[in-house]
Amino acid sequence: MQIGAFIFPTEYSIRIDELARGLEERGLESLFVTEHTHIPVSRRTPWPGGGPLPREYSHTLDPFVGLAAAAAVTSRLRLGTGICLVIQHDPIVTAKEVASLDFLSNGRFLFGVGAGWNVEEIEHHGTAFPTRFRVMRERVLAMKEIWTKDEAEFHGEFVHFDRIWSYPKPVQKPHPPILLGGMGPHTLRRVVEFCDGWFPQGRAGVDTVLGQLAELRARAARAGRDPGTISISVFGGKVDAPTLERYRAAGVVRVVCPLPSQDRERILPLLDQYAALLR
């Protein structure tokens, strides 16, 4: 089992290139970054975490630009979105960004995706909140066509394009792993249908994650899919040796540890603590 880290990268936190080097130097496997294109001032949608929305949500760097900077200063570190809100992106453009980043990093990109929770933010991008999961599904399927076909086309309810050429193609074949974030039966159904991995929220607790993991594997078997083809990457939550051992025993591929959006003096000692868990 691998250990990585995630952060809301901002203009006031540790530089993402320094963070990436620090992770790689300590033997940690991956760096995941969050995404919000913007935060509507209205704040009509309450933050799921409760209370005021933390400052970093409205200060995040563009994930693809940030990860490209991280790729340029590392050679082994896996680089991922945790998560990319694909319902807020044109799928043809996003397919190009993903393929370009995978090409420039020599096949180190992990594509964490999700549908989001902020109603106004989603609506500003032209997606109706009730249809967001259907939009997400079609955009992911359309991108898979672009990555794997020389002449791709897609005709769905929300995504339409005739035959196109789009290069580069990803280094990873058939494409970078698609990891779907979220919890619950609908998420598990979508993972089995069109994703390569599940990105459960560690804050739900080990028992909840492992219970849903058992359900995911049962769903995959019923659908005729080998459960071993679905990777599990636990995102956030409690990080200590007993917790990691339970995840390891259950076949979890990686645990992604949280980092605050703070400066290098706060972050680098945390990296040392996480690196100690590797031993």
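User: How many salt bridges does a search of the whole structure find?
Analyst: Happy to start there: this is a predicted model, in which local features need pLDDT of at least 70, side-chain atom pairs count only at pLDDT 80 or more, and totals for chains, interfaces and linings use all residues. Residues are numbered from 1 along each chain as its sequence is written, and side-chain values use heavy atoms, with hydrogens and water left out. Taking a salt bridge as a side-chain nitrogen of Lys or Arg within 4 Å of a carboxyl oxygen of Asp or Glu, the search of the whole structure finds 14.

User: How many residues apart are arginine 44 and glutamate 123?
Analyst: These two form a salt bridge, with 3.3 Å between the closest N and O atoms. Arginine 44 sits in the loop between strand S2 (30–33) and helix H2 (63–72), while glutamate 123 belongs to helix H4 (residues 119–124). Here helices (H or I, at least four residues) and strands (E, at least two) are DSSP runs, numbered from the N terminus. The pair links distant parts of the chain, and the separation is 79 residues.

User: In which helix are arginine 219 and glutamate 215 about one helical turn apart?
Analyst: Arginine 219 and glutamate 215 form a salt bridge, the closest N and O atoms being 3.1 Å apart. In general, an α-helix has 3.6 residues a turn, so residues three or four places apart point the same way. Arginine 219, at 23%, is partly exposed, and glutamate 215, at 31%, is also partly exposed. These two are 4 residues apart, so about one turn separates them, in helix H7 (residues 206–222).

User: Leaving aside neighbours within four places in sequence, which residues is leucine 259 in contact with?
Analyst: Leucine 259 is among the core residues that touch the most other members. Contact means heavy atoms within 4.5 Å. Leaving aside neighbours within four places in sequence, its partners are Ala5, Phe6, Ile7, Leu19, Ile267, Leu270, Leu271 and Tyr274.

User: Why is helix H1 (residues 16–25) described as largely enclosed by the rest of the structure?
Analyst: Its buried residues include Ile16, Leu19 and Leu23, along with Asp17, Glu18 and Glu24. The cover over the buried residues of H1 includes strand S1 (2–7), S2, H2 and helix H9 (264–276). H1 is largely enclosed because the number of its 10 residues that are buried is 8.

User: How far is the nearest cysteine sulfur from cysteine 195?
Analyst: Counting a disulfide as a pair of cysteine sulfur atoms within 2.5 Å, the whole structure has 0 disulfides. Cysteine 195 is in none, and the nearest cysteine sulfur is that of cysteine 84, at 13 Å.

User: How far apart in space are glycine 202 and serine 233, C-alpha to C-alpha?
Analyst: Glycine 202 lies in the loop between strand S8 (197–199) and H7, and at 6% relative accessibility counts as buried. Beyond its neighbours within four places in sequence, glycine 202 contacts Val234, Phe235, Gly236, Gly237 and Tyr247. Glycine 202 and serine 233 are 31 residues apart in sequence, and their C-alpha distance is 9.4 Å.

User: How far apart in space are histidine 59 and threonine 94, C-alpha to C-alpha?
Analyst: Histidine 59 is placed in the loop between S2 and H2 and is partly exposed at 23%. With neighbours within four places in sequence set aside, histidine 59 contacts Pro9, Thr10, Glu11 and Tyr12. Histidine 59 and threonine 94 are 35 residues apart in sequence, and their C-alpha distance is 21 Å.

Methods: A nonpolar core is a set of buried Ala, Val, Leu, Ile, Met, Phe, Trp, Tyr and Cys residues joined through side-chain atoms within 4.5 Å. Buried means under 20% relative accessible area, exposed over 50%, partly exposed in between (1.4 Å probe, protein chains only).
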